[in-house]
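Look at the model below and keep the sequence beside it. The text starts with a single side chain and then moves out to the whole chain.

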Amino acid sequence: MIGSDASGIEIKGAPNQPNHQVLMDHEIPIIEFAANLDQLRKERFTLFVLALAVEGLDSCPVRLIAVEEE
């Protein structure tokens, strides 16, 4: 999986979203627009990605939950 707090992982103006295509061809999930990353206190944490179970979609909103160990 690759994740970013940015609006995307593409090179601006690149046709056909080549970065998305390479990752999807290799079944690597993509997370964009991750929020509140500045609230994490540690570099390592467990991340839960809660997606909607909707058939026929290639993307959907998710809820990200980061759990830091004490």
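Arginine 41 has a relative accessible area of 68%, so it counts as exposed. The classes are these: buried means under 20% relative accessible area, exposed means over 50%, and partly exposed lies in between, with a 1.4 Å probe and only protein chains counted. The model is a predicted one, in which local features need pLDDT of at least 70 and side-chain atom pairs count only at pLDDT 80 or more, while totals for chains, interfaces and linings use all residues. Residues are numbered from 1 along each chain as its sequence is written, and side-chain values use heavy atoms, leaving out hydrogens and water.

Which residue forms a salt bridge with arginine 41? The partner is glutamate 68, and the closest N and O atoms are 3.2 Å apart. The pair links distant parts of the chain, 27 residues apart: arginine 41 sits in the loop between β2 (30–31) and β3, and glutamate 68 in the segment after β4. A salt bridge here is a side-chain nitrogen of Lys or Arg within 4 Å of a carboxyl oxygen of Asp or Glu, and by this rule the count is one.

The strands and the helix give the chain its order. Helices (H or I, at least four residues) and strands (E, at least two) are DSSP runs, numbered from the N terminus. The protein chain has one helix and four strands, in the order β-α-β-β-β from the N terminus on. Helix α1 covers residues 18–25 and includes histidine 20. With a relative accessible area of 12%, histidine 20 is buried. Leaving aside residues up to four places away in sequence, histidine 20 touches Ile9, Glu10, Ile30 and Glu32; a contact means heavy atoms within 4.5 Å.

Met1, Phe45, Leu47, Val49, Val62 and Leu64 make a nonpolar patch of about 470 Å². Such patches join nonpolar side chains (Val, Leu, Ile, Met, Phe, Trp, Tyr) within 5 Å, or like charges within 9 Å, from residues with over 30% relative accessible area and no salt bridge. At least two patch residues come from each of β3 (46–51) and β4 (62–67). Valine 62, in strand β4, is partly exposed because its relative accessibility is 35%.

Last comes the chain as a whole. Of its 70 residues, 10% count as buried. Its C-alpha trace spans about 45 × 30 × 20 Å along the principal axes.

Definitions and conventions:
Accessible areas come from the Shrake-Rupley method with a 1.4 Å probe; for residues, only the protein chains shown count as cover.
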